[in-house]
Amino acid sequence: MCDKSKCCCKKKAAKVDPATLQKLESEFAKFCEVESKSLLKKYLSREVFDKLKTKKTRFGSSLLDVIQSGLKNPDSGVGLYACDPEAYQTFAALFDPVIEDYHRGFKPTDVHPPPNWGDPSKVPSLDPQNKYVISTRVRCARSLENFPFNPTMTKQHYIDIQVKISTALKALDGELKGQYYPLEGMDKTTQQKLIDDHFLFKEGDRFLQDARACEFWPTGRGIFYNDAKTLLSWCNEEDHMRLISMQKGGDLSAVYKRLIDALTKLERQLKFSKHDRLGFLTFCPTNLGTTIRASVHIKLPKLAQDLAKFEEIAGAYNLQVRGTRGEHSESEGGVYDVSNKRRMGLTEFEALMEMGNGIAELIKKEESM
C-alpha cells in the first residue's frame, strides 16, 4: 500500500487550475461540432460538462483526464476512462449513464452482487467435437488498493505496483508456478515472439495513448506465465493486473477452474480496489463488476460471410465480436474473438455461463446454415 504520509488519496479534493479549465472548454467546444456515436458524445451534455468541469478527485484527477481520449477519438465506442478509483464517484453524473447504457440497464440505484464463482465442474464443454473453437480464455482485471489508474500514475507508481504484483505471482505453486519477465530490458526477438503467440501485449493503441495509459513505457510493465503457458498475467498494460487462464480447444471448465485457483492464492497477498455498488474497479467503465471476460477464438465461416449479421446474432446473446488480437483489430484467417459483454449485475459464474450458452447458440446457427 502507499505510504500514508505521502499518499495522494489523503489530499483534499481541489478545483482544477485555470489552464486545465481553459483546455477543457476549448476541447469540449470542438467535440460538440464533430459527429460521434460514442457514449461520451451521448451523455456529455453541456449541463453535465458544466457540473463536472471544475471538479478534481483527491488523487488530483480532473474531467480532462477522464474524457481526453474520447475528445481526440470521436470514433471511440465509449470514449472515457477512470483516472483513479474515486473518479467513478466524483464524475458520477457522466459515468453512471454510460455504465447503465453499456451494461444493459445497470442503473445508479443497482448494486453489483458479491463474488460468486460457482462450481467449475458444472460448466459444459463449448465444442466437444473440436470443430469450431480454437482456444478458450477467461480473464479478470484487478487494481491495487490506494493506487490511481494510468493517467494519474507516476513512474514510481508503476514501479511499486510491479514489485507487489510480481512478488505475489512468483509465489504461485503447482501447475501455476512460473516466472515473471519485466518488459524493460526484454530483447526484441523474445518480445515479438510472445506477441505473435498472443501472450504479450503491445504498447497501447491510439485510444489508450490519448488516455495517457502508456506513460513511462516500458517501465513497470511485464508478463508472467506458468511452464505450460496456460496461466498468464499482465502487469500495468491497461489495468494494474490482468490474470488470464487459457488453453487450446473448448474446455471452458478447466480454464475457469485454473483462473479461480490462481486468483484465490493471489488474494492472500494483494488487496484489490473494490466498490460496494460497482464491484471491482478498473480503468475502463466497460470492465467493472466481475471484470470477467470469457472468450473463444472461433472460426464460423458461414456466419462470418456477413459480419454485421454475425455481430447482430452475437449481440442477442450479450456477446461481443472482435478481431483475433482483441479490440480495434481485424480477423486473421477468418478467426474471431467472441466474448461476454456484460460484466455487471451478475455473478462471475453467471457471466461465464452467459458466454458459454451464447457460443453454443452461435455454433447451432452455423450448423443450420
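**Notebook: salt bridges**

I counted the salt bridges in this structure and got 23. The model is a predicted one. I reminded myself that side chains of opposite charge can pair when their charged atoms come close.

Entry one. I looked up Lys-265 and found that it pairs with Asp-173, with 2.6 Å between the closest N and O atoms. I then checked where the partners sit: Lys-265 is in helix H10 (residues 252-266), while Asp-173 is in the loop between helix H7 (155-169) and strand E2 (178-182). The two are 92 residues apart, so I noted this as a link between distant parts of the chain. Lys-265 has 28% relative accessibility and is therefore listed as partly exposed. Asp-173, at 42%, is also put down as partly exposed.

Entry two. I turned to Asp-239, which forms a salt bridge with Arg-242. Here the closest N and O atoms are 3.1 Å apart. Are these two residues buried or exposed? I found both Asp-239 and Arg-242 to be buried.

Entry three. I looked at Lys-309 and Glu-312, whose side chains meet in a salt bridge at 4.0 Å, N to O. Both residues belong to helix H12 (residues 307-316). They lie three residues apart, which I wrote down as about one turn of the helix. Glu-312 reaches 53% relative accessibility and goes down as exposed, because the cut-off for exposed is over 50%.

Entry four. I asked which residues join Glu-25 in a network of salt bridges. I found Arg-46, Asp-50 and Lys-53 linked with Glu-25 in that network.

Definitions and conventions
Residues numbered from 1 in each chain as written. Predicted model: local features only at pLDDT ≥ 70, side-chain atom pairs only at ≥ 80, totals over all residues. Heavy atoms only, no water. Helix = DSSP H or I, 4+ residues; strand = E, 2+ residues; numbered from the N terminus. Buried < 20%, exposed > 50% of the residue type's maximum accessible area, 1.4 Å probe, protein only.
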